[in-house]
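This report covers selected features of helix packing and core composition. The structure comes first, followed by the details.

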Amino acid sequence: MKKTAKSVAGLMAAVLPMAAVIGCSGGGSGSSSPSPTKAASSAPSSAPSDNKSDVYPENGLSKTEKVTIKWGYWENGYGREWADNAIKKFTEKYPNVKFEVTSSPVIRDLIGTKMAAKNDNDMFDIISPSFNGDAGTIAQKEGLFEDLSDLWEREVPDKKGVKLKDVVLPNTMEYAQKIDGKFYQIPMGAYALGLFYDKTLFEKNGWNQNPKTWDEFKKLITDIKSKNLIPITYPGVYSTYLMYGFTVKQFELAERKGTLDQFTKDYRAYKLPAFSSPEFKQIWERIAELGKLGAFPDGVAALNHTQSQMQLLQGKAAMASTGDWVENEMKDSIPDGFKWGFMTVPFGGSPSDKIWIENGIGAGSMMIWKNKPENVKKWAKEFNMFLMTNDIQAFNGKFGISPIRKDFSENPKNLEQLQAAPRAVLEYAKNNNSQFGTSVREVSFSHPSSGKANKLYQDSINDMASGKKDPNPILEELDKLIKEASDAEKK
Amino acid sequence: MRLPSCIYPVRVKGGHHMAQPGVNTAGSGGLLRKNKVQKRIFIFIAIGPSFLGYLLFTLYPNILSVYYSLLEWNGISASKFIGLDNYIYMFKDNFVWTSLYHNLILMITVPILTIYISVFLAYLLNNKGYLESSFYKVLFFLPNVLAIVVVALLWRFIYDGEYGMLNAFLELFGIETNNFYWLGDTRTALWAILPVSIWSGVGLYIIIFMNAMKGIPVSLYESAILDGATHMQRLFKITMPLINPVIRVSALFLVLGAFKGFELILIMTNGGPSGSTEVIGSYMFNMAFGTSSHNYGYASAIGMFLFVIMVVAKLIIDKFSKQDQIEF
C-alpha cells in the first residue's frame, strides 16, 4: 500500500508540472479553426512592389502579395451559398486573395472562446457578428474590432463617384449600431422582423393583408380567430420572438410624441426607465389586448422554431412572428401554392401614420479583428465593400437576404432573384408610410442583475402576452434589476 | 542512456541469450530494484495519459473556477476581483432557490423510480428465464445508446399538442386532450421531464443490476424455493440485500445526476414555461453562455455551490444508506 502510494505520488510529481506548463501556455490554434497561414499572420510572402502594374488600380493593393483571410462564418437561416458565391467572385477578381472559412450554426461559441483567449494569431481575421448575449457589444467597447466608419465614405465598387452612405436605404447609417460613435460593422444586408403570412390563405378568406391602423389590426385578429385558426404564432421556448413585431414600436410611439431623437439616445444608452418607459408599457398593453382576443396559440410555451413555423406553413396559424430568413430556413417544407406576405403591427390611429419596421444587420455583415496585419485588414475591407455591389446583393436575395442598397430595384432583374419573403418586406415598405429601425442597444451590463432581468423578461413574456400575468409589476421589477446592474458597474 | 539491465544479453553456454525476467543476473537485491523500476514505469505509462487528461481537463478547470467565482468577469473585458460578492448575491437570488427546488423534485423521484423499475426488470430477466430476454435487454438498453439530443427531440414530439403520441394514446381511451401541450403548461412541464429521465436511464441500471444478480449463488434461491418463498420474498430477502452495495452506488450516481444534469431540459424546454423547469445546471449555463447573459464569475460561484451540494448529498447517502455487506 505504502509502495503504491509512493508510486502515485511520484507520478503526480512528474505529471503536475507538465500539466501546469501545458495548461498555462498561450495555446496554439484552435482545434476547429485552420492554423493561420503565414500570409495571414505575419509579413507578406513577397514584398509589395513599387511597380504600378503590380497593384490594382481601383484600390492600390498589391497583385502579387498573397493574402489569406480566415472567416469565422455564422451558418444561419440564410445558409452558406451566398457567402461561397461572394468568395468565388471576389477571388476571381483578385486571384492573390484566398479565404479559409470555418462555418457553424454556433460559431458564436468558437468566437467567444477565441475572443476570451485574446490570441491574435488564433483569432479569425473576419467574423460574422454572431455572439453569445452581449459579448459583441463588450468586445466592441474594448476596442477588439477594427473601426469601419471610414467605409461609409468609400465609393461603392460598382458605381463610380457614389459613396456607400449615399446609396444605402434611408436611415441605415442613422440607425445602424454604433459603439461610442464608431461603426464596427456595416450592414451588408438587412433582415426584417415582423409578421409573415400566406397570401393565398388571406385571399381565400378575404382577410385584410395590410391593416394600417391598430383597430384594423385588431379586427384582422378577430376575423382569423373566428375561423378557429391561430392568429399569431411564435416559438414560445424562445419567447423573445414575439417581440419581433413589437419592440421597434417604441420608436414609432416616440416619433408620434415628437420625442424620437431623445428617445433614441436614451434607448441606445440603456437609460432608465427602459422596460417601464411609457412607450414600452404601451406596447405591452397592446400585446395584452391581443392576448385577450386569443391572438396567441395555446401551449405556445412548448413551441420551438420548427413547430411554430410549421404551424404557419400547414395553415394552422395565419401569421408567424419571425424574420425574413424564414423562407430560406423552411424552403424544404413550403407547400405548393404558398405565397409569402409580410406585415408589421400598425400602432397608429390613422392610415397615414408612419409604421416602423424592425430591421437590423446580421445577414452577412462582418467584423474585422483589430490586431491583424494591415494587408489582411485592407483586403477584408475591400471584401466588405465588394459585398455591397448590386450583383452580389442580387445573388444574396436568392437566399432571403434583403438588399441594403436603395438603387437595387432600379434593375428589375435584381428583384426577380430576391426570395419572396424579403420581397414582401420591400413591397410592404413601398405600400406604406414606413420607416426601418433597429432596436439594438449600445450598452450592456455584466452584473448578475442584468442576467436576472433578461431571464425574468424571457420567462414572463408568454404569461404577460396571454393575460396570465399583469405586465406592469414585472416591467417595474425589470427596471429595478437593470438599475442594480447599472449602479454596480458605476462603482 | 543505460537501459534496464534485464534486457542486456547474458552469456550462457552455447551462445548469447537475453536475460529472462526473474533471472538473477545481479543478485536478488538488484533484481528487486529492477522490478520496482519496471513496475513504476509501467504504472506511469498505463495511467499517465489519463491522469494528465484528468488534471488538464477536469481538475485544473475546476480549481480555476474557484478563482473565477471571486471575479466579476464577462470573458472579454478585464476581470475585477470582488471577493465573495457573487456568493452573497447568489444566496439572495430567488432563481437559484427555485431551480434547486426543481432539482429536489427530480432528485426525489428519478432515482427512486429508476432503481425500482431497473431492479424489478432485472430480476424478471434474470430469474424468469424468458426465451426472448436478449431482445428485451437490447430494447431496454437502446435509450442509453441514443444521443441526449435525439432523446429530447423524440419526447418533444411525443408531448406535442397536435401530433403527439401521448395525446393520441389518451384519445384512444376516450380522454379528450384538446391538443394539450404537455411541455407548454407550468403544471405539467416538470412532471413531463420525469418519464424522459427515467426512460433514458433505466436500461443501463438493468444491465448493472442483472450482472450483480448473476453473482448471487443459485443455491440460495433453491433453498428459498424449497422453504416456500415467493418471488417477492426472494427479491426482498435475498436479492436486494445481496446487491445492496450496487444499489447504493447506483443511487449515488442518480442523485448526483439529478443535480448536475440539465441537457435534457435545455433542449426540451430551455427552462420554461415561465422557468417552471429551470434547474440549477441550466441556470448556471445560461448565466455563463446564455443569449442574454455573460457572467463567468457568477456562473462559477453557482458551480461551486453545486459542488458543495453534491458533496453533501454524497455524505448524506453514505450516512443513511445501509453499509452492511452481506456475505454468502
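This is a predicted model: local features need pLDDT of at least 70, side-chain atom pairs count only at pLDDT 80 or more; totals for chains, interfaces and linings use all residues.

## Packing of α10 and α13 in chain B

Helix α10 (residues 244-260) of chain B packs with helix α13 (residues 296-320) of chain B at an angle of about 155°, and the axes are 10 Å apart. Because angles over 145 degrees count as roughly antiparallel, α10(B) and α13(B) are described as roughly antiparallel to each other. Their crossing is right-handed.

On the α10(B) side, the contact is made by Ala251(B), Leu252(B), Val255(B), Leu256(B) and Phe259(B). These meet Leu306(B), Ile309(B), Met310(B), Ala313(B), Lys314(B) and Ile317(B) of α13(B). By class, the contact has ten nonpolar residues, no polar residues and one charged residue.

## The largest nonpolar core

The largest nonpolar core has 184 residues. Those with the most contacts inside this core are Ile69(A), Ile126(A), Phe196(A), Phe209(B) and Ile302(B). Helix α7 (residues 189-214) of chain B supplies the largest share of the core, 13 residues.

Leaving aside neighbours within four places in sequence, the contacts of Phe196(A) are Leu312(A), Met319(A), Ala320(A), Thr322(A), Val326(A), Trp340(A), Gly341(A), Phe342(A) and Ala421(A).

Conventions:
Residues are numbered from 1 along each chain as its sequence is written. Chains are lettered from A and ligands numbered from 1 in the order in which they are written. Axes are lines fitted to C-alpha atoms, for helices over the stretch in contact, and angles run from 0 to 180 degrees between N-to-C directions. Helices (H or I, at least four residues) and strands (E, at least two) are DSSP runs, numbered from the N terminus. Angles under 35 degrees count as roughly parallel, over 145 as roughly antiparallel, 65 to 115 as roughly perpendicular and the rest as oblique. A crossing is left-handed if the near helix is turned anticlockwise from the far one by less than a right angle, and right-handed if clockwise. Two residues are in contact if their C-beta atoms, placed from the backbone, lie within 7 Å. Ala, Val, Leu, Ile, Met, Phe, Trp, Tyr, Cys and Pro count as nonpolar, Asp, Glu, Lys and Arg as charged, and the others, Gly among them, as polar. A nonpolar core is a set of buried Ala, Val, Leu, Ile, Met, Phe, Trp, Tyr and Cys residues joined through C-beta atoms within 7 Å. A residue is buried if 20 or more other C-beta atoms lie within 10 Å of its own, exposed if 12 or fewer, and partly exposed in between; C-beta atoms are placed from the backbone.
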